[in-house]
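Please read the following report with the sequence and the structure side by side, and look up each residue as it is named.

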Amino acid sequence: MFFASDNWAGAHPAINERLSKESTRFAAAYGTSELDQAIEQRFNEVFEREVAVFFVATGTAANSLSLASVAKTGGVVFCHSEAHVIEDECGAPDFFSGMRMVPVEGPNGKMLTANLVERIARYPQDAVHHGRAAAVTMTQATEAGTIYTLDEIEEIARIAKTNGLPLHMDGARFANALMALGATPAEMTWKRGVDVLSFGGTKNGCWCAEAIVFFDPGLAKDFAFLRKRTAQLFSKSRFIAAQFEAYLKDDLWLGLAGHANTMADRLRAGFGSLNSARLAWPTGANEVFAILPKASARAAEEKGAKFYDWLEPRDMPETVGTDEMLIRMVTSFATTEEDVDQFLSICRG
Ligand SMILES: Cc1ncc(COP(=O)(O)O)c(C=O)c1O
């Protein structure tokens, strides 16, 4: 019953196998191997256009360097007020980009477009004292487990473009969002105006594989130098490429994310049918937030369940009673139906 995070899951056997095969041969270093180059090409197919791809090790690096690549001196970046870039990366995006993250509020992890427009207007290009608008970043799926629709992505992109700002997407759970929407990678990104993507693999079955994808190769012109200077150019980069090869082969990645989402659906349905516990807000991908009696949560923990106690978001519609608590559960490719059913039966009491 591991629901603490999809980061707790191991790596998928097909990815392990590919890594193990890679470990027995020699190949050119620093991203120049044939395998690295082949996988870069593979990303072109996945996104149905020529993209510039750079492998990095962590989601924090992907976000930070994506934003650093579009940095302006005195720039500010607009993000949701509970986004990973502002809450959970210890200021790494600010550190690497030299820019400030400016929070934009909105319910259920999604920026309200009216708030985004209002916030951007506070940072005109000549605002030497405040700083100037430089980029917008959005998370898909969001930290609250919700999903921006394709039209919502397009509307945020329109606002960004109207203000001359590039749009970055934090796709740490990109595959889960794709599967929830039933969209293609192209439809959820550049076709709706996303310029730069943090493409996550680690949470969804890789061992350690993240990529930055530039849909406008012009934005990637100097990126090779930025990645090297920020110590994210791996000599054995081909081990990230090998993971992506297995990950993308025969759409393994989509199958794994689909499974994680199905397990989350099972949790959602289970909570929907309990009298003693309830969903805190609707989610669409592989994260579920529930309010349950403290006693049930403790009983589940005693039986080995892992999940996070969660701080109530500012705009949460439900109230948490004094004998209750809010928890976050995240499913992954490795979650089983038995895990879900056992957890629900404990909550049922
Ligand atoms: C939405 C989101 N973005 C980025 C990250 C960062 O990933 P990492 O911990 O690999 O730096 C996470 C990790 O939990 C995340 O949930």
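In this predicted model, C347 counts as buried because its relative accessibility is 2%, and C79 likewise counts as buried because its relative accessibility is 0%. How many disulfides does the structure hold? The structure holds 0 disulfides, and for C79 the reason can be given in terms of distance, because the closest cysteine sulfur, in C90, is 15 Å from the sulfur of C79, which is too far for a bond.

**Aromatic rings**

A pair of aromatic rings is described by two quantities, the distance of the centres and the angle of the planes. Across the whole structure, a search finds 24 aromatic pairs. In one of them, the ring centres of F54 and F214 are 5.8 Å apart and the planes stand at 85 degrees, so the pair is edge-to-face. Because F54 belongs to strand β1 (residues 52-56) while F214 belongs to strand β7 (residues 210-214), the pair ties together parts that are 160 residues apart in sequence. F54 and F214 are both buried.

One aromatic cluster is formed by F43, F47, F55, F174, F199, F215, F244, Y247 and W253. A ring can also have a charged side chain over its face, as with W190, where R49 lies at 4.7 Å from the ring centre.

**The two domains**

The domain assignment divides the chain into domain 1 (12-250) and domain 2 (253-348), and the centres of domain 1 and domain 2, taken over C-alpha atoms, are separated by 28 Å. To the contact, domain 1 gives 27 residues and domain 2 gives 21 residues. The size of an interface is often given as the accessible area lost when the parts come together. Between domain 1 and domain 2 the buried area is about 1900 Å², and carbon and sulfur atoms give 57% of this area. On the side of domain 1, the residues that lose the most area to domain 2 are R173, N176 and M179, which together account for 23% of what that side buries.

Is helix α3 (residues 59-69) mostly covered or mostly uncovered? Helix α3 is mostly covered, since 9 of its 11 residues are buried, and among these buried residues are A61, N63, L65 and L67.

A175 lies in helix α8 (residues 174-181) and counts as buried because its relative accessibility is 2%. A175 and Q140 are 35 residues apart along the chain, and their C-alpha atoms are separated by 9.2 Å.

**Loops and backbone details**

| Residue | Loop between |
|---|---|
| A27 | α1 (13-22) and α2 (34-47) |
| N108 | β3 (100-104) and α6 (113-121) |
| A141 | β4 (132-139) and α7 (150-162) |
| S237 | α9 (223-229) and α10 (238-248) |
| D250 | α10 and α11 (252-272) |

A27 counts as partly exposed because its relative accessibility is 28%. Leaving aside the neighbours within four places in sequence, A27 is in contact with S33 and R238. Although A27 and K236 are 209 residues apart in sequence, they are 8.6 Å apart in space, C-alpha to C-alpha. S237, by contrast, counts as buried because its relative accessibility is 5%, and, not counting residues up to four places away in sequence, S237 touches Y30, G31, D36 and F55.

Most residues other than glycine have a negative phi, and most peptide bonds are trans. Which residues are joined by a cis peptide bond? A cis peptide bond joins Q140 and A141, with omega of about -5 degrees. N108, which is not a glycine, has a positive phi of about 55 degrees, and N108 is partly exposed because its relative accessible area is 24%. D250, which is not a glycine, has a positive phi of about 50 degrees, and D250 is exposed because its relative accessible area is 70%.

How values were computed
Residues numbered from 1 in each chain as written. Predicted model: local features only at pLDDT ≥ 70, side-chain atom pairs only at ≥ 80, totals over all residues. Heavy atoms only, no water. Disulfide = S-S within 2.5 Å. Buried < 20%, exposed > 50% of the residue type's maximum accessible area, 1.4 Å probe, protein only. Phe/Tyr/Trp six-rings, centres within 6.5 Å; stacked < 30°, edge-to-face > 60°. Helix = DSSP H or I, 4+ residues; strand = E, 2+ residues; numbered from the N terminus. Lys NZ or Arg CZ within 6 Å of the ring centre and 35° of its normal. Domains from an automatic or database assignment. Contact = heavy atoms within 4.5 Å. Buried area = accessible area lost by both parts, 1.4 Å probe.
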